[in-house]
Amino acid sequence: VERFEKHLFVCTNERPEGHLRGSCSRCGGAEIKARLKACVKKSGLQHQIRVNSAGCLDACEFGAVLVVYPEGIWYGKVTPADVAELFQTHLLNNQPVERLKIPDAVLSELSEKSSLERFGIQIRDAASNSPEKPR
Ligand code: FES
């Protein structure tokens, strides 16, 4: 049973300044969430569209990141300035905003990388040549 027609999870994870992985809060995550919630409220669709904060969605290199269910569409490099278009185009008119989508092939790569890390196989960061810091 789907309780909401659209359920958005906006990463608002915060890491310290200068952290190797960055964080969506430093890319406008909280502002994006606040603007989306304001759009929902203004449109009177609070019972159809839900916007929630999420912790790290493990796609930090694409921050700020959000995902829309039930479609399972991931958006990356989103800025607060993109919110009006996302709301109008995707949430009201069911058309994904292609220019902000994280491509499926990239999402598959991210999943593969996460699986390797789960089994204790560390991916080296190309820039520092040292293992990534834990989340
Ligand atoms: S900090 Fe947002 S996806 Fe990791």
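Residues are numbered from 1 along each chain as its sequence is written, and side-chain values use heavy atoms, with hydrogens and water left out. Because the model is predicted, local features need pLDDT of at least 70 and side-chain atom pairs count only at pLDDT 80 or more, whereas totals for chains, interfaces and linings use all residues. The mean pLDDT (the predictor's confidence in each residue, from 0 to 100) is 89 for the protein, and 88% of its residues reach 70 or more. Over residues 126-131, by contrast, pLDDT stays under 50, and the model has six contacts for them beyond four places in sequence, a contact being heavy atoms within 4.5 Å. Where pLDDT is low, the predicted coordinates should not be read in detail.

Helices (H or I, at least four residues) and strands (E, at least two) are DSSP runs, numbered from the N terminus. In helix H2, the buried residues are Val-83, Leu-86, Phe-87, His-90 and Leu-91, where buried means under 20% relative accessible area, exposed over 50% and partly exposed in between, with a 1.4 Å probe and protein chains only. These residues cover an arc of only 110 degrees around the axis and therefore lie on the same side of H2, the arc being that of the directions from the helix axis to the C-beta atoms. Their cover includes strand E1 (6-11), helix H1 (29-43), strand E2 (49-54), strand E3 (66-69) and strand E4 (73-75). Just after H2, Asn-94 takes a positive phi of about 55 degrees. Leu-100 is placed in the loop between helix H2 (83-92) and helix H3 (104-118), and it counts as buried because its relative accessible area is 6%. Not counting residues up to four places away in sequence, Leu-100 touches Trp-74, Tyr-75, Gly-76, Lys-77, Asp-82 and Leu-86.

The structure holds one aromatic pair, a term that applies to rings of Phe, Tyr and Trp (its six-membered ring) whose centres lie within 6.5 Å, with planes under 30 degrees apart counted as stacked, over 60 as edge-to-face and the rest as tilted. Phe-9 and Tyr-69 form this pair, which is edge-to-face, with 6.1 Å from centre to centre and 65 degrees between the planes. The pair links distant parts of the chain, since Phe-9 is in strand E1 and Tyr-69 in strand E3, 60 residues apart. There are zero disulfides, a disulfide being a pair of cysteine sulfur atoms within 2.5 Å; for Cys-27, the nearest cysteine sulfur, that of Cys-24, is 5.9 Å away.

Seven salt bridges are counted, each being a side-chain nitrogen of Lys or Arg within 4 Å of a carboxyl oxygen of Asp or Glu. In one of them, Glu-71 pairs with Lys-6, the closest N and O atoms being 2.4 Å apart; Glu-71 is in the loop between E3 and E4 and Lys-6 in strand E1, 65 residues apart. Lys-6 is buried, with a relative accessible area of 8%, while Glu-71 is partly exposed at 32%. Another salt bridge joins Arg-99 to Asp-82, with the closest N and O atoms 2.8 Å apart. Arg-99 counts as exposed at 53% relative accessibility, whereas Asp-82 counts as buried at 8%. Salt bridges that share partners join Asp-82, Glu-85 and Arg-99 into one network.
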